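This report goes through one protein chain, from overall fold to single residues. Please keep the sequence and the structure in view while reading.

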Amino acid sequence: GSKASAFLALRTGVGSFVDRLAAALGDRARTSSPVRSIDRRGDRLVVRAGDAEIVCDHVVLALPPRQLA
């Protein structure tokens with residue numbers, strides 16, 4: 001049988017998912033923010049983007065697959 005893929009595609013493109021997620025999260029979401037690093041601090045994540053250090057529970061990365069490798 002066919003195997004399920006770990007990846008999926010959206011008919012309207014991944015950008016539409018990011019736009020809707022950012023709209024739903026309001027000012028809690030940051031888009032177009034180049035990330036320098038993501039590290040664990042206990043059970044939290046520390047994201048460094050520009051001069052900002054953001055401590056959070058979850059991170060959603062939306063970037064081309066080749067940049068994830």
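In what order do the elements of the chain run from the N terminus on? The order is α-β-β-β-α, and the total comes to two helices and three strands. The radius of gyration of the chain is 14 Å, whereas the globule rule gives 11 Å for 69 residues, so the chain is more spread out than a compact globule. Along the principal axes, the C-alpha atoms fill a box of roughly 45 × 25 × 20 Å.

**Confidence**

The model is predicted, with an average pLDDT of 84 over the chain. A score of at least 70 is reached by 91% of the residues. Strand β2, residues 44-49, has the highest confidence, at 95. Helix α2, residues 65-68, has the lowest, at a mean of 76. Where pLDDT is low, the predicted coordinates should not be read in detail.

**Burial, contacts and surface**

How much of the chain counts as buried? Of the 69 residues, 9% do. Contacts between residues at least 6 apart in sequence were also sorted by separation: 6% of them join residues at least 24 apart.

The side chains include 11 positive and 7 negative ones. The centres of these two sets are 8 Å apart.

Two residues can be looked at one by one. Arg20 is part of helix α1, which covers residues 14-25. Is Arg20 buried or exposed? Its relative accessible area is 67%, and exposed means over 50%, so Arg20 counts as exposed. Arg40 sits in strand β1, which covers residues 35-41. Arg40 is also classed as exposed, because its relative accessibility is 68%.

The table gives the separation in sequence and the C-alpha to C-alpha distance for both pairs.

| Pair | Separation in sequence | C-alpha to C-alpha distance |
|---|---|---|
| Arg20 and Val59 | 39 residues | 16 Å |
| Arg40 and Ala23 | 17 residues | 26 Å |

For Arg40 and Ala23, a separation of 17 residues goes with 26 Å in space.

Terms used: Residues numbered from 1 in each chain as written. Predicted model: local features only at pLDDT ≥ 70, side-chain atom pairs only at ≥ 80, totals over all residues. Heavy atoms only, no water. pLDDT = per-residue confidence, 0-100. Helix = DSSP H or I, 4+ residues; strand = E, 2+ residues; numbered from the N terminus. Rg over C-alpha atoms; globule rule 2.2 N^0.38 Å. Buried < 20%, exposed > 50% of the residue type's maximum accessible area, 1.4 Å probe, protein only. Contact = heavy atoms within 4.5 Å. Lys, Arg positive; Asp, Glu negative; His and termini not counted. Charge placed at Lys NZ, Arg CZ, Asp CG, Glu CD.
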